[in-house]
Amino acid sequence: MVTRLTTARPRGGRWPNVLAGLAILLIAAAALMMAGAGPAYRGEFISLGEAFNLLRNGVYAAGGAIAVSIIALLFSMLTRRSTPALMAALVIVAAAALLYIPWQHWQRAQQAPAIHDITTDTQNPPAFEALAHAREAAPNAVDYPGEATAQQQQAAYPYIKPLVLDEAPQTVLAAAQAEAEEAGWRIARITDNRIEATATTRWFGFEDDVVIRLTEIENGVQVDMRSASRLGASDVGTNAARIEQFLTALEKRLE
């Protein structure tokens, strides 16, 4: 008597596993494209347009991973398969976390005006001198854009104001230099009352130029600052945030 041994196939066939596997591949591709776009541009392997295309395709891939995961979950629930259901659920969580970053950036872009040159003194902005040549070679202008930009800045960032400190100019200058160096800025020139430096963003490596100007007044020293992007019509609030953070840190350093 011959007994046949048969292996029971999992209920529902292989589709839950196939779909869960496809979702994992999509989320892995999305993560690689979105995480690699900035470093690839910064390393000059691709153009800025190609980097943005990578980001866009990464968003599409993450969205596709969510869609496929939902289908995998439905199949898994119908066939009572726990492993592919868990895999699909994890992909959905990962994709949501991945999509949060570009969504947050998009939200900021909607709220920020299309300006890229921010200063505490819109009437007499600190001028770029040591960095003038570098800015002339960049798409954005060396000179402050003018009244239209000042009005938009005032409406969007009314808290950007000069900082007045009851300290000696030399003390403030030393503290400002220390703060700039701690921030990782590349200092171009330091004089008795000015610091020019370049800040580089971490992910894409965009270069924004900074001028810090000290003016002696009756009550101490007035610190004015200007931060301007070399590239892009809108900085999505980056320069205003940089000025606010720097002046707040400078004040705390001198307390």
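Leu98 belongs to helix 3, which spans residues 82–111. The model examined in these exercises is a predicted one.

## Exercise 1. Helix 1 against helix 3

Task: Determine how helix 1 and helix 3 are oriented to each other, given a crossing angle of roughly 20°.

Solution. 
1. The general principle is that a pair of packed helices is described by the angle between the axes and the distance between them.
2. For helix 1 and helix 3, the axes come within 9 Å and cross at roughly 20°.
3. Angles under 35 degrees count as roughly parallel, and helix 1 and helix 3 are therefore roughly parallel to each other.
4. The crossing in which helix 1 passes helix 3 is left-handed.
5. On the helix 1 side, the residues that meet helix 3 include Ile27, Ala30, Ala31 and Met34.

## Exercise 2. Helix 1 against helix 2

Task: Classify the packing of helix 1 (residues 15–42) and helix 2 (residues 48–79) from an angle of about 160°.

Solution. 
1. The axes of helix 1 and helix 2 are 7 Å apart, and the packing angle is about 160°.
2. This angle makes helix 1 roughly antiparallel to helix 2, the cut-off for that class being over 145 degrees.
3. Helix 1 passes helix 2 in a crossing that is left-handed.

## Exercise 3. Helix 6 against helix 7

Task: Find the class of packing for helix 6 and helix 7, whose axes are 10 Å apart.

Solution. 
1. Helix 7 covers residues 238–253, and helix 6 packs against helix 7 at an angle of about 125°.
2. Helix 6 and helix 7 are therefore oblique to each other.
3. The handedness of this crossing is right-handed.
4. Helix 6 contributes Val172, Ala175, Ala176, Ala178, Glu179, Ala180 and Glu182 to the contact, while helix 7 contributes Phe246, Ala249, Leu250 and Arg253.

## Exercise 4. Two annotated spans

Task: Compare the record for the transmembrane region with the secondary structure of the model.

Solution. 
1. The unreviewed UniProt entry lists residues 58–78 and 85–103 under "transmembrane region".
2. Residues 58–78 are 100% helix and 0% strand, with 30 Å between the end C-alpha atoms.
3. Residues 85–103 are likewise 100% helix and 0% strand, with end C-alpha atoms 26 Å apart.

## Exercise 5. Positive phi in loops

Task: State whether Arg80 is buried or exposed, and do likewise for Val236.

Solution. 
1. As background, most residues other than glycine have a negative phi.
2. Arg80 is not a glycine, yet has a positive phi of about 60°. Val236 also has a positive phi, near 55°.
3. Arg80 occupies the loop between helix 2 and helix 3, whereas Val236 occupies the loop between strand 6 (220–229) and helix 7.
4. Arg80 counts as exposed because its relative accessibility is 69%. Val236 is buried, its relative accessible area being 12%.

## Exercise 6. Asp166 in its loop

Task: Describe the setting of Asp166, which lies in the loop between strand 2 (163–165) and helix 6 (169–182).

Solution. 
1. Asp166 counts as exposed, at 68% relative accessibility.
2. With neighbours within four places in sequence left aside, Asp166 is in contact with Asn219 and Gly220.
3. Asp166 and Glu218 are 52 residues apart in sequence, and the distance between their C-alpha atoms is 9.4 Å.

Technical notes: Residues are numbered from 1 along each chain as its sequence is written. This is a predicted model: local features need pLDDT of at least 70, side-chain atom pairs count only at pLDDT 80 or more; totals for chains, interfaces and linings use all residues. Side-chain values use heavy atoms; hydrogens and water are left out. UniProt positions are given in the numbering used here, feature names are shortened, and annotations may be inferred rather than shown by experiment. Helices (H or I, at least four residues) and strands (E, at least two) are DSSP runs, numbered from the N terminus. Axes are lines fitted to C-alpha atoms, for helices over the stretch in contact, and angles run from 0 to 180 degrees between N-to-C directions. Angles under 35 degrees count as roughly parallel, over 145 as roughly antiparallel, 65 to 115 as roughly perpendicular and the rest as oblique. A crossing is left-handed if the near helix is turned anticlockwise from the far one by less than a right angle, and right-handed if clockwise. Buried means under 20% relative accessible area, exposed over 50%, partly exposed in between (1.4 Å probe, protein chains only). Contact means heavy atoms within 4.5 Å.
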